[in-house]
Every structure is written in C-alpha cells, then in structure tokens.
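The following exercises ask the reader to describe a protein model step by step. Each task is followed by a worked solution.

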Amino acid sequence: MANSRDAGLVKDESVLVTEAKAGSYEAFEDLVNRYEKKIYRLGLNLTGNPEDAEDMLQETFLKAFEHLPTFREDSRFYTWIVRIAINQGLMKLRKRRSSKEVQLDEPSNDDGDIMPREFADWRPNPEQELERTELEAILQDAARSLPMTFRTVFFLRDVEGLSTEETAELLNLSEGAVKARLFRARLRLREELSKTLKIKKDS
Amino acid sequence: MNCRNAIQQICGYLDGNLDEDLKRTLEVHLNGCHHCKAVFDTTRKTVELYCDGKLFVLPTGVRERLHDALRVKWEAQSK
C-alpha cells in the first residue's frame with residue numbers, strides 16, 4: 001500500500017477513499033486530518049456547545065469509518081461527511097431542545113419584515129483588530145441567535161459550499177425554501193453582528 | 001429602484017446571479033444610497049467572516065481523542 005505522505009504529495013481525495021475502502025487506515029486518517037477542523041467548527045456553530053461539537057465530530061467520523069464500504073462515491077467524500085455530521089448535529093439538538101425548534105421543514109414563522117435596522121458601516125478589518133477567540137465567540141453567539149432552520153441552511157450553503165440543490169436534498173426542503181432561508185439567514189446574521197462590529201458614532 | 005427592492009436582490013447580487021440590466025440598476029442605487037451600500041458590504045463581510053476558518057484551531061485534546069477513538073474502532077474491526 002502506497003504511503004500517502006510519500007514525496008510530500010497531496011493525494012486526491014478519491015484515491016484516498018479507494019485506499020481507505022481497501023483497508024488502509026492511514027488513508028482514512030488522512031481524510032480525517034483534512035476535514036476534522038471543519039467538521040468541529042460546523043458542530044460548534046450548529047450546536048453552540050463545545051461538548052456537543054466534539055461528540056458530533058467523533059460520531060461523524062466513527063460512522064463514516066463504519067459505513068465507508070457503502071459510500072458509493074456519487075458525491076464528494078466531504079459532502080458525504082457533512083451529511084453524516086448534520087444528521088448527528090440534528091439528533092443532538094433534538095435531545096437538548098424542543099423538537100419544534102429543530103424541525104427543518106417547518107413553514108417559516110419568520111415572515112416579518114426583512115428590512116434591516118442597522119445601517120452603520122463596520123470596522124474595516126474585525127478579523128485583524130479582534131483576538132481570534134473573541135471574534136469566534138462573536139460569530140458563534142450570532143449563529144446561536146438564529147432559528148435552527150436558517151442556521152443550518154446558512155452553514156451548508158455559504159460556509160460548506162453545498163449547492164442549493166444539495167442543501168435542499170439534505171434538509172428535505174424545496175430549493176425555493178433553501179433560497180428564502182439563506183436570504184433571511186444572511187440578513188439576520190448581519191444584523192446580529194452589526195451590534196458588535198459597527199462603527200460607533202462616538203468612536 | 002427603492003431600498004426595499006434593492007435589499008431583495010442582495011443574495012442574487014452576492015451570488016452573481018443577477019442579469020446585467022438588474023445588476024446595473026442595483027449598482028446605480030447602491031452608489032446613491034449609503035444605507036443600502038452599508039447593508040450590502042456588511043452582508044458580504046458576514047459571509048466572509050464565517051467562511052474564514054483559517055485561524056480556527058481545535059481546542060486542546062479534541063484531535064487526540066478523536067484519533068484515539070478511531071484507532072480503537074479500527075483495531076477492534078481488524079481483529
């Protein structure tokens with residue numbers, strides 16, 4: 001079995017999947033190394049809780065390991081992993097909260113006005129001005145303020161880069177519903193972040 | 001174009017999905033409306049901030065515990 005770290009080459013994901021399916025633990029570990037940080041951060045943003053995020057991370061890769069032989073490779077490995085992670089994350093939230101809040105196909109009860117209330121410009125480079133941990137905490141707090149259905153759509157579409165079609169399929173929503181939720185999610189997150197990141201008039 | 005119409009186009013604009021006519025009309029509005037311009041700029045920034053996970057680091061021990069759990073599972077399966 002070839003060593004994926006030989007010659008310092010970054011192996012193609014599909015090659016690693018083939019090797020992992022053939023029994024190479026090292027290939028599987030390479031796949032884990034690529035995506036563990038992203039899955040943990042996704043978990044943190046979805047659940048808002050470090051313990052749940054770590055559980056979600058472990059359960060995702062343990063499940064992926066277990067079900068790897070049945071992965072048909074008709075999607076990217078990462079998309080498959082995200083699908084597992086989302087299901088794990090939703091289960092976590094259902095255990096912790098009322099089921100109403102995590103029903104993804106619920107008709108949006110947020111049909112209120114979408115017109116923004118904050119119009120101030122932001123500090124030009126918050127990622128340079130703020131401590132990394134401080135900025136992450138601000139981002140997570142804002143994400144937590146969103147209803148689960150908006151939050152999930154936002155992270156799948158904008159952060160994980162899934163298409164509208166993939167997101168719709170994964171969450172069992174229509175494509176129109178994904179677009180509508182993404183629109184509201186972006187505006188509401190912006191509104192939340194504005195509270196902290198806007199340029200104060202007296203500064 | 002008024003502000004309400006402009007805001008409705010925010011996703012289409014950010015995702016590059018507007019046709020040229022609509023895009024031009026919107027840009028004319030944005031050039032003359034500081035409020036909408038600020039909303040557009042900060043919405044774009046919102047997405048950028050969440051996407052930028054480069055600086056994110058896993059808390060101590062998370063990675064080790066994950067890899068330990070995976071190895072235990074792998075060893076159990078190889079027996």
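**Exercise 1.** How closely do the axes of α2(A) and α3(A) come, and at roughly what angle do they cross?

*Solution.* Two conventions come first. This is a predicted model, in which local features need pLDDT of at least 70, side-chain atom pairs count only at pLDDT 80 or more, and totals for chains, interfaces and linings use all residues. Residues are numbered from 1 along each chain as its sequence is written, while chains are lettered from A and ligands numbered from 1 in the order in which they are written.

Step 1. Two packed helices are described by the angle between their axes and the distance between the axes. Axes are lines fitted to C-alpha atoms, for helices over the stretch in contact, and angles run from 0 to 180 degrees between N-to-C directions. Helices (H or I, at least four residues) and strands (E, at least two) are DSSP runs, numbered from the N terminus.

Step 2. The axes of α2(A) and α3(A) come within 8 Å, and their crossing angle is roughly 145 degrees. The crossing is right-handed; a crossing is left-handed if the near helix is turned anticlockwise from the far one by less than a right angle, and right-handed if clockwise.

Step 3. Residues are in contact if their C-beta atoms, placed from the backbone, lie within 7 Å. Among the residues that make this contact are A:Phe28, A:Val32 and A:Glu36 of α2(A), together with A:Met56, A:Leu57 and A:Phe61 of α3(A). The contact has 11 nonpolar, three polar and two charged residues. Here Ala, Val, Leu, Ile, Met, Phe, Trp, Tyr, Cys and Pro count as nonpolar, Asp, Glu, Lys and Arg as charged, and the others, Gly among them, as polar.

**Exercise 2.** Describe how α2(A) packs against α4(A).

*Solution.* Step 1. The two axes come within 10 Å and cross at roughly 35 degrees. This crossing, too, is right-handed.

Step 1. Residues of α2(A) including A:Leu31, A:Tyr35 and A:Leu42 meet residues of α4(A) including A:Phe77, A:Ile81 and A:Leu93. By class, the contact has 10 nonpolar, three polar and one charged residues.

**Exercise 3.** What are the domains of chain A, and how many residues of each are in contact with the other?

*Solution.* Step 1. The domain assignment gives domain 1 (9–96) and domain 2 (99–203); such bounds come from an automatic or database domain assignment. Taken over C-alpha atoms, the centres of the two domains are separated by 24 Å.

Step 1. In the contact, 12 residues of domain 1 face 13 residues of domain 2. On the domain 1 side, α2 and α4 of chain A are the elements that give two or more residues. The most, seven residues, come from α4(A).

**Exercise 4.** Is A:Gln58 buried or exposed?

*Solution.* Step 1. A residue is buried if 20 or more other C-beta atoms lie within 10 Å of its own, exposed if 12 or fewer, and partly exposed in between; C-beta atoms are placed from the backbone.

Step 1. A:Gln58 lies in helix α3 of chain A. Because 22 other C-beta atoms lie within 10 Å, A:Gln58 is buried.

Step 2. Not counting residues up to four places away in sequence, A:Gln58 touches B:Leu66 and B:Ala69.

**Exercise 5.** Why does the length of α10(A) agree with its number of residues?

*Solution.* Step 1. The expected span of a helix is 1.5 Å times one less than its number of residues.

Step 1. The 23 residues of α10(A) should therefore span 33 Å, and its end C-alpha atoms are 32 Å apart, which agrees.

Step 2. Of these 23 residues, 17 are buried, and α10(A) is thus mostly covered.

Key:
Two residues are in contact if their C-beta atoms, placed from the backbone, lie within 7 Å.
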